[in-house]
Amino acid sequence: IRPYVGCLVQYLPLLWKQSEEHNMLRCAILTTLTHLVQGLGADSKNLYPFLLPVIQLSTDVSQPPHVYLLEDGLELWLVTLENSPCLTPELLRIFQNMSALLELSSENLRTCFKIINGYIFLSPSEFLQVNATELCKSFCEILKDITTEGQVQVLKEFPS
């Protein structure tokens, strides 16, 4: 994929902008970005100026397009974390979307937990120093509304 990255990186931001009213096309762009990040691995960090705002928009439940983009946006977010060499301030900033996502208690909850684990894996002390209190509040709320299996998954998120 590396020989074609230059062309894609030039074309995808333009296509993203032009497809503002076409959320299904944007879903295809998110899937393409997911594959691109997987192919580039740690080098995908060079895509962050375009990639992170796309993840931000796709996972922001206050934005109307999230209805269409959320699932693919979460997958892209997870793959981005899995291939990130380090936790950047910009990557940390996207996490502000997580509280609202956890409140949804939707079918995407498992992916949200994987994303949280990704942050903890990348930089446990830095991430938890900023987010531990809010995460604990969110997890306590989730525990009230989910099955025993779900409760076990929530409790697994607390580091020992």
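Two residues are in contact when they have heavy atoms within 4.5 Å. In this predicted model, with residues numbered from 1 along each chain as its sequence is written, local features need pLDDT of at least 70 and side-chain atom pairs count only at pLDDT 80 or more, while totals for chains, interfaces and linings use all residues. Side-chain values use heavy atoms, with hydrogens and water left out.

Of the contacts in the chain with a separation of 6 or more, 66% join residues 24 or more positions apart. The chain has nine helices and zero strands; helices (H or I, at least four residues) and strands (E, at least two) are DSSP runs, numbered from the N terminus. The radius of gyration, taken over C-alpha atoms, is 16 Å, close to the 15 Å that the globule rule gives for 160 residues, so the chain is as compact as a globular protein of that length. The globule rule is 2.2 Å times the number of residues to the power 0.38. Along its principal axes the C-alpha trace spans about 45 × 30 × 25 Å. Of the 160 residues, 46% count as buried, that is, under 20% relative accessible area with a 1.4 Å probe, protein chains only.

C27 lies in helix α2 and is buried, with a relative accessible area of 9%. Leaving aside its neighbours within four places in sequence, C27 is in contact with Y68, L69 and D72. The C-alpha atoms of C27 and Y68 are separated by 7.3 Å, although the two residues are 41 residues apart along the chain.

Grid points are joined across faces, edges and corners, and a volume is the space filled by probe spheres set on the points. The largest cavity holds about 40 Å³. Its lining, made of residues with an atom within 4 Å of a point, consists of V9, L12, P13, L33, L36, L47 and F50. Two or more of these residues come from each of α1 (5-18) and α2 (23-40), and α1 gives the most, with three.

A pocket is an open set with protein on both sides within 12 Å along at least five of seven lines. The largest pocket has a volume of about 210 Å³. Eleven residues line this pocket, and the closest to its centre are S106, L109, R110, I146 and G150. α7 (109-122) and α9 (148-156) each supply at least two residues of the lining.

Key: On a 1 Å grid over the protein atoms alone, a cavity is a set of points where a 1.4 Å probe fits but cannot get out, and a pocket is an open set with protein on both sides within 12 Å along at least five of seven lines; lining residues have an atom within 4 Å of a point. Buried means under 20% relative accessible area, exposed over 50%, partly exposed in between (1.4 Å probe, protein chains only).
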